[in-house]
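This briefing looks at aromatic contacts, a pocket lining and a surface patch, in that order. Please read it alongside the sequence and the coordinates.

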Amino acid sequence: MAGEPSRRVGFLGAGKMATALARGWLDAGLVAVDRILASDPSSAAREHFHSSTGAPVTENNRQVMAASDLLILAVKPQSMHDLLQEIRPAMAGHHLVVSIAAGITIRQLTDVLGKDCRLVRVVPNTPCLVGASASGYSPGTSATPVDIALVDQLLNAVGRAFRLPEALLDAVTGLSGSGPAFVYIMIEALSDGGVRVGLPRDVATALAAQTVYGAAKMVLETNLHPGTLKDAVASPGGTTIAGLHAMEQGGVRAALMNAVQAAADRSRELGNS
């Protein structure tokens, strides 16, 4: 898609994830603002999408379909059935469909849109807004190599993306789809700890966020196991090992594992509802 900003992109659903993707692709120069159109029944969602991206919005899903080659299905899982029924008559051969709805399987989508529908299921996350997303995707059987390469390029342009078997996408939802919220809780808690020991709130939050950012960057750029990096900080009898002991007593490790499991399980439930 680089070099093809004239490609027409339509968002069916203009919520936070759709807005983050649109902003990320605009900032990366992959899409032109006048080649994006988004629809949503919520006037608040439409207003936020437009104010965040500058792209036009509408209430009319059919209008988006007529104006788009790449369709992003970005409605809540509970709304997907009604949306698919509405758009099925307007589907055309030039449409590449990308679904970002949690839990909705490729089979559920093709049962309505048809087996010939060129489809890719994607689990993105909101840090695509700042070029730091972590995504997983799985193509349907009718998606072409060109389609798959396009989706891979779009996702990797705003972060890192991994092609995976569809059976693993609920796990991706639990880890990286929901994961930013878990990390925000960690940052908030670290900031609270900083305030507890005397730091001003703004300084504590900045230090906490920068610490999480730096630690993540170390993992990604050194390719060392997180445990190895942890051991390098924890000297015998020092401050860090005392803090790590307190974390183990508080069950932090198990709580994070349980959070990923709960989110993945909920993704599966949404697909079965």
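Two rings of Phe, Tyr or Trp, with the six-membered ring taken for Trp, count as a pair if their centres lie within 6.5 Å. On that basis, a search of the whole structure, which is a predicted model, finds two aromatic pairs.

**Aromatic contacts**
- The ring centres of phenylalanine 11 and phenylalanine 49 are 5.6 Å apart and their planes meet at 55°, so this pair is classed as tilted.
- Distant parts of the chain are linked by this pair, since phenylalanine 11 belongs to strand β1 (residues 9-12) and phenylalanine 49 to helix α2 (residues 43-53), 38 residues apart.
- Phenylalanine 11 counts as buried because its relative accessibility is 0%, and phenylalanine 49 is likewise buried, with a relative accessible area of 0%.
- One aromatic cluster is formed by Phe11, Trp25 and Phe49.

**Second largest pocket**
- The second largest pocket holds about 930 Å³ of space, and of the 36 residues that line this pocket, Met17, Val75, Lys76, Pro77 and Ile100 are the closest to its centre.
- Helices α1 (16-27), α4 (80-87), α7 (169-177) and α12 each supply at least two residues of the lining, and α12 gives the most, with four residues.

- A nonpolar patch on the surface is formed by Met186, Met247, Val252 and Leu256, which together have about 290 Å² of accessible area.
- Valine 252 is found in helix α12 (residues 252-272), and this residue counts as partly exposed because its relative accessibility is 32%.

How values were computed
Residues numbered from 1 in each chain as written. Predicted model: local features only at pLDDT ≥ 70, side-chain atom pairs only at ≥ 80, totals over all residues. Heavy atoms only, no water. Patch = residues over 30% accessible without salt bridge, like charges linked within 9 Å, V, L, I, M, F, W, Y side chains within 5 Å. Areas by Shrake-Rupley, 256 points an atom, 1.4 Å probe, with all protein chains shown as cover. Salt bridge = Lys/Arg side-chain N within 4 Å of Asp/Glu carboxyl O. Buried < 20%, exposed > 50% of the residue type's maximum accessible area, 1.4 Å probe, protein only. Phe/Tyr/Trp six-rings, centres within 6.5 Å; stacked < 30°, edge-to-face > 60°. 1 Å grid on protein atoms, 1.4 Å probe; cavity = no way out; pocket = protein on both sides within 12 Å on 5 of 7 lines; lining within 4 Å. Points joined across faces, edges and corners; volume = space filled by probe spheres on them.
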